[in-house]
Amino acid sequence: MLPSLSRFLCIFAVLSGLLSGCTTTPVTPDHIEAPPDEIASVLDQGLVPVARYGRYTLIELVPQPAQRDLLRQAVEITIPPTLDATVGDAMRHVLLRSGYRLCDGTEAAALYALPLPAAHLHLGPLLLRDALLVLAGPAWALSVDDRTREVCFNRSADAAEVQS
């Protein structure tokens, strides 16, 4: 009985030693600090600063492309199916929480008043810019004022030539 007990204790000691080497302490973003001068020198060299999360994970400290250019954010929208939904209503719905608003241009009033096609009740996933262009159609050109974050539509040059 003694040899099996010693064998059990030996196996237990080996396993506990192996398992204790696999434990890690979680790292939260609050504990990650980099000196500002170190970050500045890394940026001057053209390198991307990173933060360590855990033992083997490095995260780049740069904004996502959709955070830099808000029209590049991915959207998936389902327009509430009301009987009198217009293109303008759908565009306002798509722009909710995007950071942009629809301008009140008199030229685009005709576009905003058009009835919303059933094919446009569900859009995406696609980029916000593409969703707006799909809703407007090929006869309208998108113009964006990033200073005021307004999205406007003007008749495209091709559509204006055809109409004349």
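The model is predicted, with local features requiring pLDDT of at least 70 and side-chain atom pairs counted only at pLDDT 80 or more, while totals for chains, interfaces and linings use all residues. Residues are numbered from 1 along each chain as its sequence is written, and side-chain values use heavy atoms, with hydrogens and water left out. Helices (H or I, at least four residues) and strands (E, at least two) are DSSP runs, numbered from the N terminus.

**Helix packing**

Two packed helices are described by the angle between their axes and the distance between the axes. Helix α4 (residues 87-95) packs with helix α6 (residues 128-136) at an angle of about 175°, and their axes are 10 Å apart. The α4 helix is therefore roughly antiparallel to α6. Here, axes are lines fitted to C-alpha atoms, for helices over the stretch in contact, and angles run from 0 to 180 degrees between N-to-C directions. Angles under 35 degrees count as roughly parallel, over 145 as roughly antiparallel, 65 to 115 as roughly perpendicular and the rest as oblique.

On the α4 side, the residues that meet α6 are Val-87, Ala-90, Met-91, Val-94 and Leu-95; their counterparts in α6 are Leu-128, Ala-131, Leu-132, Leu-135 and Ala-136. Contact means heavy atoms within 4.5 Å. By class, the contact of α4 with α6 comprises 10 nonpolar residues, with no polar and no charged ones. In this scheme Ala, Val, Leu, Ile, Met, Phe, Trp, Tyr, Cys and Pro count as nonpolar, Asp, Glu, Lys and Arg as charged, and the others, Gly among them, as polar.

**The sheet and its hairpin**

Strands of a sheet pair through backbone hydrogen bonds, either parallel or antiparallel. An open sheet of 3 strands, in the order β4-β7-β6, shows mixed pairing. Its edge strands, β4 (101-102) and β6 (140-145), each pair on one side only. Two strands pair if DSSP finds at least two bridges between them.

The pairing of β4 with strand β7 (residues 150-155) is parallel and spans 2 bridges, with Leu-102 opposite Val-151 in β7. By contrast, β6 and β7 run antiparallel and are joined by 6 bridges; Asp-145 stands opposite Glu-150 in β7. These two strands, β6 and β7, form a hairpin with 4 residues between them.

**The disulfide**

A disulfide is a covalent bond between the sulfur atoms of two cysteines. A search of the whole structure finds 1 disulfide (a pair of cysteine sulfur atoms within 2.5 Å). The bond joins Cys-103 to Cys-152, with an S to S distance of 2.2 Å. The pair links distant parts of the chain, 49 residues apart: Cys-103 is in the loop between β4 and α5 (109-113), and Cys-152 is in strand β7. Both cysteines count as buried, Cys-103 with a relative accessible area of 8% and Cys-152 at 18%.

**Backbone geometry**

Most residues other than glycine have a negative phi, and most peptide bonds are trans. The peptide bond from Gly-124 to Pro-125 is cis, with omega near 5°; Pro-125 lies in strand β5 (residues 122-127). Arg-97, in the loop between α4 and β4, has a positive phi of about 60° although it is not a glycine. Phi of Arg-149 is also positive, near 55°, and Arg-149 belongs to the loop between β6 and β7.

Apart from residues up to four places away in sequence, Thr-86 touches Tyr-112, Ala-113, Leu-114, Pro-115 and Leu-116. Asp-84 and Leu-114 are 30 residues apart in sequence and 9.9 Å apart in space, C-alpha to C-alpha.

The table gives burial classes, where buried means under 20% relative accessible area, exposed over 50% and partly exposed in between (1.4 Å probe, protein chains only).

| Residue | Relative accessibility | Class |
|---|---|---|
| Thr-86 | 18% | buried |
| Asp-84 | 62% | exposed |
| Arg-97 | 86% | exposed |
| Arg-149 | 42% | partly exposed |
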